Amino acid sequence: MAVAAAAVSRPVTATRKAAPRRILLIAPHGSYRTAPFLAAAKTRGIEVLIASEAKHSLVSAYAQGLHLDLGDPQTSLQTILREAQRRPFAAVLGSDDASIELAALAASELGLPHNPTAAVRLARRKDLARERLTQAGVPVPRHWRLDLTRPLAAQIEDVRFPCVLKPVALAASQGVIRADNLAELTRAAARIQVLLAGAGLREAEERETILVEEFIPGFEVAVEGLLTHGSLEILTIFDKPDPLNGPYFEETYYITPSRLAAPVQRALRETISSACAAYGLREGPIHAECRINEQGVWILEVAARTIGGLCGRLLRFGTGSSLEELVLLHALGERPELNSEPGGAGVLMIPIPQAGILRRVEGVLAAGKVPDIEEVVIHVREGYELVPLPEGASYLGFIFARAPSAEQAEAALRAAHACLRVVVMPLWKGVSV
């Protein structure tokens, strides 16, 4: 959603000194990032107030927080400003793509460190991001923009294959499809159009636009970092050892520390820093996805938020603190002592094997007994529908490993995953189960 400052009644500007260790976290209802932030706040003795659309939530943090309509940013802003008048905030954070623009706007109105709302929007919208990075000379794939309200034929004459089609405002690889020829591109566009119609996107342009970009082969990594006055600090680099060549792009293994050579890691930092500068991002967390090949580092995404899922807990391996702890402390202008640990760690985002109704997951106890496995977490309950990519946007659960080396952590995750058997009953639409 595009948000812009309007004439509002401003409270007395909040400062860090006037608002000791109180943070507003704007989070969509049901965000899986909320719980890690609340746990981090408890660990560090920080007061966090949740602002969300959850007006009737049974979860106390939502029920006792501020009630907003994320689709009405100006009314939501007034609600936030009234609360800040009552008790000032030291920082305002957004947990997800749906809330980071409002968080930036609120922080700006309160005189707190923030990213420009235009910069946050650029980072959130894949098509706008590609245009800006191209203008700034940052390496990105050759790309095209499809308007779904117009005939496709004239729009795809110059597309090069293989290519990848992406919704411009969804995350977690939802709706991302590779096409190797014109027929596959046409089918993929039609499939994404159906997905976008039911995705709940508020802006018509986001429902009616697809980004098409040239497929970039290479090794993929994810990067977590923190920006301070425009300077980027890399917290960790996650290797993604499994090739991501399509037709869908399901994330699976994240392994740290990265086994990339030091010059490649430096090139990663420089390229991501250039992308942040091109967007205008200056403060707070960033999550980047990049491909690396003989031509160098290619930006796939730089988002002004943390990584999704429970993956942030892996940062305890390299820093002694969870990602959410680091983000909260950074927002307060505090910096913990970073305690690097030897060895390796990793997570497997357990893929959904097929569509249907989950009956059970067998082998969880056996998976948990594999050496170097810390925990196996199954998020989806029995009887719930499983929706795989590209229509789906979630995982069955997570497996976490910590080992003497990154290679051993990866091997443990693969062995634990091999223990699991996911039993799924086919879903017959229109038939209750």
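Glu101, Arg121, Arg124, Arg125, Asp127, Arg145, Glu203, Glu205 and Glu206 are joined in a network of salt bridges, a salt bridge being a side-chain nitrogen of Lys or Arg within 4 Å of a carboxyl oxygen of Asp or Glu. The structure is a predicted model, in which local features need pLDDT of at least 70 and side-chain atom pairs count only at pLDDT 80 or more, while totals for chains, interfaces and linings use all residues. Residues are numbered from 1 along each chain as its sequence is written, and side-chain values use heavy atoms, with hydrogens and water left out.

Across the whole structure, 36 salt bridges were found. One of them pairs glutamate 325 with arginine 44, with 2.7 Å between the closest N and O atoms. Glutamate 325 belongs to helix α11 (residues 323-331) and arginine 44 to helix α1 (residues 34-44), so this pair ties together parts 281 residues apart in sequence. Helices (H or I, at least four residues) and strands (E, at least two) are DSSP runs, numbered from the N terminus. Glutamate 325 is buried, at 2% relative accessible area, whereas arginine 44 is partly exposed at 28%; buried means under 20% relative accessible area, exposed over 50%, and partly exposed in between (1.4 Å probe, protein chains only).

A salt bridge also links arginine 259 and aspartate 239, at 3.6 Å from N to O. Arginine 259 is located in the loop between β11 (253-256) and α9 (262-279), and aspartate 239 in strand β10 (residues 231-240), so the contact ties together parts 20 residues apart in sequence. Aspartate 239 is buried, with a relative accessible area of 3%, and arginine 259 is partly exposed at 36%. Aspartate 180 forms a salt bridge with arginine 178, the closest N and O atoms lying 2.7 Å apart; aspartate 180 is partly exposed, at 38% relative accessibility.

The largest nonpolar core has 34 residues, of which Ile23, Ile46, Val48 and Leu328 touch the most other members. Helix α11 gives the most to this core, with six residues. A nonpolar core is a set of buried Ala, Val, Leu, Ile, Met, Phe, Trp, Tyr and Cys residues joined through side-chain atoms within 4.5 Å. Beyond four places in sequence, valine 48 is in contact (heavy atoms within 4.5 Å) with Ile23, Leu25, Leu38, Ala41 and Leu328. Another core, of 31 residues, lies apart from it and includes Leu232, Ile286, Ala288 and Ile299.

Strands β17, β15 and β19 form, in that order, an open sheet with antiparallel pairing. The edges are β17 (385-386) and β19 (421-425), each with a single partner strand, so one side of each has no neighbour in the sheet. Two bridges connect β15 (residues 356-362) and β17 in the antiparallel sense, two strands being paired if DSSP finds at least two bridges between them. Within this pairing, isoleucine 357 stands opposite glutamate 385 in β17.

Glutamate 374, in strand β16 (residues 373-378), is partly exposed at 45% relative accessibility. Its contacts beyond four places in sequence are with Arg313, Phe400, Ala401 and Arg402.

The protein chain averages a pLDDT of 90, and 91% of the residues score at least 70; pLDDT is the predictor's confidence in each residue, from 0 to 100. Over residues 1-19 pLDDT stays under 50, and the model has 55 contacts beyond four places in sequence for this stretch.
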